[in-house]
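Reader: Can you walk me through this one? I'd like the packing, the pocket and the charges.

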Amino acid sequence: MSTFLNSIQGVLIIILMVAVGYTLAAKHWFTENSKKLIAKLVTQIALPPYMIISMTNDFSKSELAKLLPNLRYPVLSMFILMGISWIVARFIKVDPKQRGLFMSMFFNSNTVFVGLPINLAIFGTKSLPYVLVYYMANTTIFWTLGVYFIQRDNPNTQVKFNFVDGIKKVFSAPLLGFIIGIVLIVLNIHLPVVLSKTFTYLGGLTIPLSMLFIGISVYDAGLSNMRLNKDSLGVLSGRFIFAPILMYLLVAHSDMPNMMKQVFILQSCMPVMTNAPVVAKLYNADADFASIMVTETTLLSLAVVPIMMILLN
C-alpha cells in the first residue's frame, strides 16, 4: 500500500511540474531555441554529474558486478518487441512511409526525460543504477536500429546502417557520466568535497528541467492534435501493453532484486522517445505523427504508472 501511495505522490509531483512547463509555454515564455537549450542543459550539464554523484553515493563494487549482466533483459525485450512491431505494422496495414517510425516508437521508450524522474519519485535514488542499465540498452538500440528504421520511411533517402554515427550518439554525455561513475566505484575513488557538492547542485537541475521540457513539448504538439486511429493505437499497444507484459515475463523468475524488476517493467512502458520527432524531421519522415505520439504517450504514462504499481504489488 505504501508503494502505491508513493507512486501516486510521485506521479502527482511529475504532473504538477509538467503543468508548470505547459503553462509557461502557453504564456510564450519559450522559443524553439529555449526548448533546445533546456534539452542540452539536462542531457549535457545536469544529467552526467547527477549520474556520477548518485552512482558513487548509492552503489558498491559488489552490487555493480551483479548489476551489469542484467543488461541482457532490456536488450532481449527490445529485440522481441522489434519483431512484434513488424507483425503489428503489417496486421493493421501501417503506411509504408510511416512503418519504420512506427516500429521505432513501438520498441523504444523515453528512459531519461520521463523514466528517470518517475522512477526516482517512486523508488528514490537507489533505483538510479537500474534505470541506467535500461537506458544503456535503450539508447544503443534507438541510435542504431531505431534511426535506421526511421531513415527507411523516406524513399528518397539513401538508407545505410551507419554504425560509427550510431556509436557516437550512444556515447552521449549521460552515458559517459554513467561510465565515469562505474570507473570511480571500481577504482574506489572518492570525489573531493568541492566536486561532490558541485555535482550535487548541478544534478539537482535534472528532474525539474526534464519536466519543464515535457510540458513545453506537450504544449508545442497541441492537445487539439491528439487523435486515436489504428496507427496511434498500435504504438500505444506497444508502449503500454506488449512492452510491460513481455518484460514481466522475462524478469519474473530471475534472481535480480525486486526493485530492479519493477524499474525494468516501468522503464519498458515509458512514452515514445522525445528524439523520435527530431530524427523523423531530419530524415523527412512523418515528424508530425512522431510529435503527436510523444505527447499522447507522455500524457497516458501519467495514468499508466499508478496502474502498473498496483499490478506489481
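**Packing, pocket and charges**

Author: T111 counts as buried, at 4% relative accessibility. Buried means under 20% relative accessible area, exposed over 50%, and partly exposed in between, with a 1.4 Å probe and protein chains only. This is a predicted model: local features need pLDDT of at least 70, side-chain atom pairs count only at pLDDT 80 or more, and totals for chains, interfaces and linings use all residues. Residues are numbered from 1 along each chain as its sequence is written, and side-chain values use heavy atoms, with hydrogens and water left out.

Reader: Where is T111 found?

Author: In the loop between α5 (99-107) and α6. Helices are DSSP runs of H or I with at least four residues, strands are E runs of at least two, and both are numbered from the N terminus.

Reader: And what does T111 touch?

Author: L116, V131, Y134, Y135, N138 and Q267, not counting residues up to four places away in sequence. Contact means heavy atoms within 4.5 Å.

Reader: Next, α6. How many of its residues are buried?

Author: 8 of 9, so α6 is largely enclosed by the rest of the structure. The buried residues include L116, P117, I118 and F123. Just after α6, G124 takes a positive phi of about 85°.

Reader: Q267 came up. Which residues of α13 are buried?

Author: M260, K261, Q262, V263, F264, I265, L266, Q267 and S268. That is 9 of the 11 residues in α13 (258-268), so mostly covered is the description by the buried cut-off.

Reader: What do they pack against?

Author: The buried residues of α13 pack against α3 (61-67), α4 (72-91), α6 (115-123), α7 (128-151), α12 (230-251) and α15 (287-312).

Reader: Now the core. Which residues have the most contacts inside the largest one?

Author: F102, M105, F178, F264 and V305, in a nonpolar core of 93 residues. The largest share, 15 residues, comes from α7. A nonpolar core is a set of buried Ala, Val, Leu, Ile, Met, Phe, Trp, Tyr and Cys residues joined through side-chain atoms within 4.5 Å.

Reader: Take F178. What is it in contact with?

Author: M51, M55, L132 and M136, leaving aside neighbours within four places in sequence.

Reader: Switching to the second largest pocket. What lines it?

Author: 14 residues, with Y248, I265, M308, L311 and L312 nearest its centre. The elements giving two or more residues to that lining are α12, α13 and α15. The largest share, 6 residues, comes from α12.

Reader: How is a pocket defined here?

Author: On a 1 Å grid over the protein atoms alone, a pocket is an open set of points with protein on both sides within 12 Å along at least five of seven lines; lining residues have an atom within 4 Å of a point.

Reader: What is the lining by class?

Author: 11 nonpolar, 2 polar and 1 charged. Ala, Val, Leu, Ile, Met, Phe, Trp, Tyr, Cys and Pro count as nonpolar, Asp, Glu, Lys and Arg as charged, and the others, Gly among them, as polar.

Reader: Charges, then. How many salt bridges?

Author: The count comes to 1, for a side-chain nitrogen of Lys or Arg within 4 Å of a carboxyl oxygen of Asp or Glu. D231 pairs with K230, the closest N and O atoms being 3.1 Å apart.

Reader: Is D231 buried or exposed?

Author: D231 counts as buried, at 9% relative accessibility. K230 counts as partly exposed, at 44%.

Key
1 Å grid on protein atoms, 1.4 Å probe; cavity = no way out; pocket = protein on both sides within 12 Å on 5 of 7 lines; lining within 4 Å.
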